[in-house]
Amino acid sequence: MKISLIETINELKNLVEKCQRGGFPIVFVPTMGALHAGHVSLMQRARAEAGPDGLVIASIFVNPTQFGAGEDFSRYPRDLQADVAKLDAAGVDAAFVPTVEAIYPSGPATNLSAGAIGTRWEGESRPGHFDGVATVVARLFELVEPDVAIFGEKDFQQFAVIQQMVADQGLKVKLIKAPTMREVDGLAMSSRNAYLSEAERSIAPKLYETLLAVRDDGRIEDAKQALLAAGFDKIDYLALVDGTTLEPLQTPASNARIIVAAWLGNTRLIDNLGMADE
Ligand code: AMP
């Protein structure tokens with residue numbers, strides 16, 4: 001394996017400084033591990049952005065501050081060996097795998113707030129989630145000092161929150177949003193898909209089918225009924241929103257997006273689709 005495994009802030013700082021002295025770009029992909037082909041697509045994009053001489057760093061950190069009480073922090077899938085092998089194969093130069101203490105030296109004391117954009121949709125179902133996301137991404141950016149950072153469109157609202165955080169903090173990093181990778185039946189790849197039973201897994205693609213149906217006929221209430229009829233247990237939201245502000249829309253505008261979060265048993269799945277997407 002060519003990849004370096006970096007566990008301490010000192011090692012990371014040395015690598016970052018070396019790269020900056022050489023004038024090479026740093027391209028960063030934060031993850032929580034349990035890597036799948038969706039993550040790998042971000043790594044490949046990062047490699048292309050960095051060029052042969054730039055440094056591609058991926059982080060693996062299951063961030064406690066973005067999980068609410070009773071959520072899946074302790075059972076979130078973890079498989080460091082397999083993850084590092086996947087990163088290596090995707091051409092990543094360094095895997096940054098910090099401890100919780102390295103990221104939060106005095107506990108999660110000084111937190112950022114994601115503000116209003118972090119309180120609706122995902123934020124309404126998961127209070128405090130986006131404050132934790134904004135906090136950890138800001139902290140990781142401060143340590144990695146990336147020129148470019150890549151995120152998945154799968155977590156649509158998360159990207160909006162990070163964009164806002166970068167603007168508010170006056171950071172220079174360029175943010176790239178990469179397309180959602182899907183299984184052949186349309187289910188968006190997610191580390192949480194591993195929680196699904198065989199029966200749930202066979203129902204799960206209905207989530208994407210529902211997005212396609214809303215894109216084509218705009219009938220959100222019918223789509224909710226169809227999801228429940230297919231076997232979903234609860235819908236947190238299914239909505240048409242402005243693709244920038246995430247404000248709800250009554251009629252589709254050019255950058256409108258359909259966003260959904262729904263439960264299959266104990267597993268919460270999210271997905272989204274642009275009204276203009278193919
Ligand atoms: P996570 O490990 O779930 O925090 O995700 C790490 C990064 O991978 C985030 O930027 C996600 O949006 C992105 N990601 C997750 N699933 C997918 C997918 N199916 N396709 C593309 N990117 C994804």
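Me: Looking at the second largest pocket, how do its lining residues divide into nonpolar, polar and charged?
Reply: There are 10 nonpolar, 6 polar and 5 charged residues in that lining. Keep in mind that this is a predicted model.

Me: OK, and how many residues line it in total, and which lie nearest its centre?
Reply: The lining has 21 residues, and the ones nearest the centre are T135, A138, R139, E142 and Q169.

Me: Which helix gives the largest share of that lining?
Reply: That's helix α6, residues 129–144, which supplies 5 residues.

Me: And how much space lies in there?
Reply: About 470 Å³ for the second largest pocket.

Me: Switching to helix α10. Which of its residues are buried?
Reply: In α10, which covers residues 220–230, you'll find I220, A223 and L227 buried. Looking down the axis of α10, the buried residues fall within an arc of 55°, so they line one face of the helix.

Me: What about the other side of α10, which residues are exposed there?
Reply: E221, Q225 and A229 are exposed on that side.

Me: So what covers the buried residues of α10?
Reply: The cover includes α9 (206–217), along with β7 and β8. Just after α10 comes G231, which takes a positive phi of about 120°.

Me: In which sense does β7 pair with β8, and over how many bridges?
Reply: They pair in the antiparallel sense, over 8 bridges, with β8 being residues 256–264. As one example, L238 has V260 in β8 as its bridge partner.

Me: New topic: H39. Where is it, and is it buried or exposed?
Reply: H39 is in helix α2, residues 37–50. H39 has a relative accessible area of 14%, and the cut-off for buried is under 20%, so H39 counts as buried.

Me: Which residues does H39 touch?
Reply: Leaving out residues up to four places away in sequence, H39 touches T31, G33, A34 and S191.

Me: Last one, N193. Where is that?
Reply: N193 is in the loop between β6 (174–178) and α8 (198–203). N193 counts as buried too, at 13% relative accessibility.

Me: And what does N193 touch?
Reply: Not counting residues up to four places away in sequence, N193 touches L187, A188 and L269. N193 and L269 are 76 residues apart along the chain, with 8.0 Å between their C-alpha atoms.

Definitions and conventions
Residues numbered from 1 in each chain as written. Predicted model: local features only at pLDDT ≥ 70, side-chain atom pairs only at ≥ 80, totals over all residues. Heavy atoms only, no water. Pairing = 2+ DSSP bridges. Helix = DSSP H or I, 4+ residues; strand = E, 2+ residues; numbered from the N terminus. 1 Å grid on protein atoms, 1.4 Å probe; cavity = no way out; pocket = protein on both sides within 12 Å on 5 of 7 lines; lining within 4 Å. Points joined across faces, edges and corners; volume = space filled by probe spheres on them. Nonpolar A, V, L, I, M, F, W, Y, C, P; charged D, E, K, R; others polar. Buried < 20%, exposed > 50% of the residue type's maximum accessible area, 1.4 Å probe, protein only. Contact = heavy atoms within 4.5 Å. Arc of directions from axis to C-beta.
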